[in-house]
Amino acid sequence: MRLFVALVSAAAAAAAATRTLILVEFEPPTRDFAPFRGEDARILAATSSQHERFSQWLQTESALSSFVQMEPSFPAIANLFSGRVVSVDDSLTLVRVEAGLQRWSEFKALHAVKSIPAPLLTRFELPQDFHTAKQSKRDTHSNSLIGLDEYTGPRGNGVTVCTIDTGVDYTHPSLGGCSKIGPGCRVSFGYDFSGDNFDPSASNTAEPDDDPMDCNGHGTHVAGIIMAQSTNSSNPLAEGIAPNVTFGAYKVFGCSGATNSALVISAMDRAYRDNCTIVNLSLGSDVGMPNSLDAIAADTLASYGMLVVVAAGNDGALGAYRIASPAIAAGVTAVASVDSSDSFGRTVCIVGDAEHYEMQVTYSTPPVGLFSTPMVKTGFPLNSNAANDGCAPYPPLYFFGHAALIRRGECLFSVKAANAMQAGATAVIFYNNDGDAPIGSVGSNTSIPVYTISQSSGKYIMDALVAQGNGNVQLSFSREDSLFYSIDSSPRVSNFSSWGFGGLWRIKPDVSAPGGVIYSTYLMSKGGYAALSGTSMASPHMTAAYALALSYTDSVIIQSMNLAVVESLVRLTSNPARMSGGNASAFASVAQQGSGLINIVNITQATTFIYPSVLESRVTPWGNATALGAPETVVFKVNITNADVVAREYEFSFIEAAIVAVDDPRNPIILPPPPQNEDHFTVVKVPAGKLAVAANDSAQIDISIRGPTRAGMHRLSQNSSAWLFSGWVFVTDEKGRRYTLAFGVRCPTKTRPGVLPSSMSRFRVQRLHRTHPHRHSKIICSSTCIIFFRLRQQLLTSFQPLLQERRRCRRLSASLYRPL
């Protein structure tokens, strides 16, 4: 029995006292208790009887009953495990509460109930003629980025998708236009766990009912990305990716404000009972912990045979190790965001410019009210090619009353924006340093507007500053948004997307999907359609892609395997995306995008399966800080199975991502990858020549990864104490189909206790085996760094052993996947 002490206060129950919510887990109500789908009358009766016994017992315990109260507004947990939410008077210590509850013979554990913040909506105001003027199928979903424009298969038929969000506006024409949910409507089922007024930070309590009507907008936007239908009465530009799925919606947020993990877990529990195939959670806490109850519940849900897709988080401006929970859970698919190829913005010109030159300006968060007409100032020297522009603090009040014009590159946008704001800037205008494409959405973590322009526009304003004097140039913005089509076709990771890695240096996020400036359905009361940004928009792209893959009957790999293989196939068929900031020609770190941008055509047309699908490595915070010997080389045994009816030949290659120094996770240093001929850095060795594999046969290869030497890391920086090295190994057949194996290494230059970020300091190796017993590990020590490599399952020589292993793991999970 363990007490999770990171508790979040519930609403004030009275003026003189506050109460804290906790979730009480019970022992299984029957010896053969197991998770069940649908209405298992016997198990349900046993669970209900147990909950009633607990309620009656609590009333007989006078020492507890006046301090511990059942919370009837929170549904009983009956499918993933057996438990109830109670509230505890803060005048009673939690140690006494646990000691008192232990007197009940069926008590198992107490768990935290934590707050989950409300979804942040970054909404773009659309031009009045947007819906009629834009006739192209290339909409701001950027569905073409995931290959949907080339996909001709079924669109989610026979797959049940559920969302845990703010509900859905089911009266929307693109979402069915029904007056209620139910059979025959696009929203077939659902439940409202919160009510419209629920907010754990206020005195409002949950008011559950059977109507998950959205009054926020976030859930409706997410639903549209997944399954909006194009009809004569709806907007053809807002068609979803998988319009033929069966759809269910669970509402866990009120109209505004936060929710808590108890409601989210209740919704997970209900999703399992309702036979959802895939569940989407576009939500999460600010900093994820894999031992938090919502993460463990999501892991449990995945282990019981459901695809769980979760937004990675929008804290990219805060640096490394910010994956949200439950996205940090090992068994879920955590989704990062790449920017849409289109963007919203306004035109801008220089006041008094004889040329009347109009420039395109984009932004991440639209400023409130009309755009201002700021005076512009830049740093010194006045040079549009200046390096490190904005990376160092400016003199106090340097930009006072001016918008700061800053060149992209060398450090994070968030660092540059913060330095400008501290120097008194009223806004920041970033201009590109690589080609003449707009930068797109950026993360700033500041309270001032942040705009982005092209390289040529930046040079045009800089030339005006040289001619008129620094600080003497005034800009004028248009008063209505326009839609800009990007001439840069390279997908780029959104700056707002949260960085990994995850717990014990697990590769998180897992994959990426479009999330920057996405056009979809919105509340009918607020216009019906909107363009929003966030990993909340990326996650439903992945959910819908899963639905398409599961409905695609022509794939021998997908149809002959299980959901675990589909998850692996998604990673194997992803494509790395480039950075949005810093060195824009470099590929973004695996810690920022996982295996890369998903592609539905690659998933469904794959004829090869590779195991393992990702090469993960982790570094423990202890080791020999003085030894300077050669680093360890780790050899991965990789199995390649050709599921095609003809023989295939494979070639091997790899690329490295940008390397990242993470001494200060909030301000990582990002550098392009060093050349591979440098023996001091990461060395990846793949087979030379071609590998022939017969039809329906397998072959095994060795891929070796050696971490960088201490001398190599010192060449990068004498002061940095930890670096992230990552990249991708490519396996390409003679038809040009490419399969991707992501890898990542974290190595300290100065091994010492506490090198792990504070948010991860409580992780222990033992917890990995308790949350994922089927994942095998080995520790490989070197004098440079201790690298912890994990394989996802035992090495397979054909498809059948993986199926047998997965079945064995599910049997184990019935006892080992319980929340601790």
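At roughly what angle do the axes of helix α10 and helix α12 cross? We will answer that first, and then visit other parts of this predicted model.

## Two helices that cross

Find helix α10 at residues 535-551 and helix α12 at residues 563-572. Their axes cross at roughly 120 degrees and come within 11 Å. Angles of 65 to 115 degrees count as roughly perpendicular and those over 145 as roughly antiparallel; α10 and α12 are therefore oblique to each other. Their crossing is right-handed.

Which residues of α10 and α12 make the contact? From α10 come Met 542, Tyr 546, Ala 549 and Leu 550, and from α12 come Leu 563, Val 566, Glu 567 and Val 570.

## A covered strand and its partners

Now move to strand β18, which spans residues 427-431. Is this strand mostly covered or uncovered? It is mostly covered, with 5 of its 5 residues buried. Ala 427, Ile 429 and Tyr 431 point one way from β18, while Val 428 and Phe 430 point the other way.

Strand β18 pairs with strand β17 (residues 403-407) in the parallel sense, over 5 bridges. In this pairing, Leu 405 stands opposite Ile 429 of β18. To get from β17 to β18, the chain passes through helix α8, and this β-α-β crossover is right-handed. Strand β18 also runs parallel to strand β19 (residues 450-453), joined to it by 4 bridges. Here Val 428 stands opposite Val 450 in β19.

## The helix in between

Helix α8 covers residues 413-422. Why is it described as largely enclosed by the rest of the structure? Because 7 of its 10 residues are buried. They are Phe 413, Ser 414, Val 415, Lys 416, Ala 417, Asn 419 and Ala 420. These buried residues pack against β17 and β18. Just after α8, look for Gly 424, which takes a positive phi of about 95 degrees.

## An antiparallel sheet

Elsewhere, 4 strands form an open sheet in the order β2-β3-β1-β4, with antiparallel pairing. The edges are held by β2 (68-70) and β4 (107-112), each with a single partner strand, so one side of each has no neighbour in the sheet. From one strand to the next, the twist averages 35 degrees.

Strand β1 (residues 19-26) pairs with β4 in the antiparallel sense over 5 bridges. One example to find is Ile 22, whose bridge partner in β4 is Ala 112. Helix α1 (residues 41-60) packs on the sheet and touches β1, β2 and β3 (83-89). The direction of α1 makes about 145 degrees with that of β2.

## A buried threonine

Our last stop is Thr 220, which lies in helix α5 (residues 218-227). Does Thr 220 count as buried or exposed? Residues under 20% relative accessible area are buried, and Thr 220 has 0% relative accessibility, so it counts as buried.

What does Thr 220 touch, leaving aside residues up to four places away in sequence? Its contacts are Gly 167, Val 168, Asp 169, Leu 175, Asp 214, Thr 521, Tyr 522 and Leu 523.

Definitions and conventions: Residues are numbered from 1 along each chain as its sequence is written. This is a predicted model: local features need pLDDT of at least 70, side-chain atom pairs count only at pLDDT 80 or more; totals for chains, interfaces and linings use all residues. Side-chain values use heavy atoms; hydrogens and water are left out. Buried means under 20% relative accessible area, exposed over 50%, partly exposed in between (1.4 Å probe, protein chains only). Two strands pair if DSSP finds at least two bridges between them. A crossover is right-handed if, with the strands pointing away from the viewer, the path from the first strand over the helix to the second runs clockwise. Axes are lines fitted to C-alpha atoms, for helices over the stretch in contact, and angles run from 0 to 180 degrees between N-to-C directions. Angles under 35 degrees count as roughly parallel, over 145 as roughly antiparallel, 65 to 115 as roughly perpendicular and the rest as oblique. A crossing is left-handed if the near helix is turned anticlockwise from the far one by less than a right angle, and right-handed if clockwise. Contact means heavy atoms within 4.5 Å.
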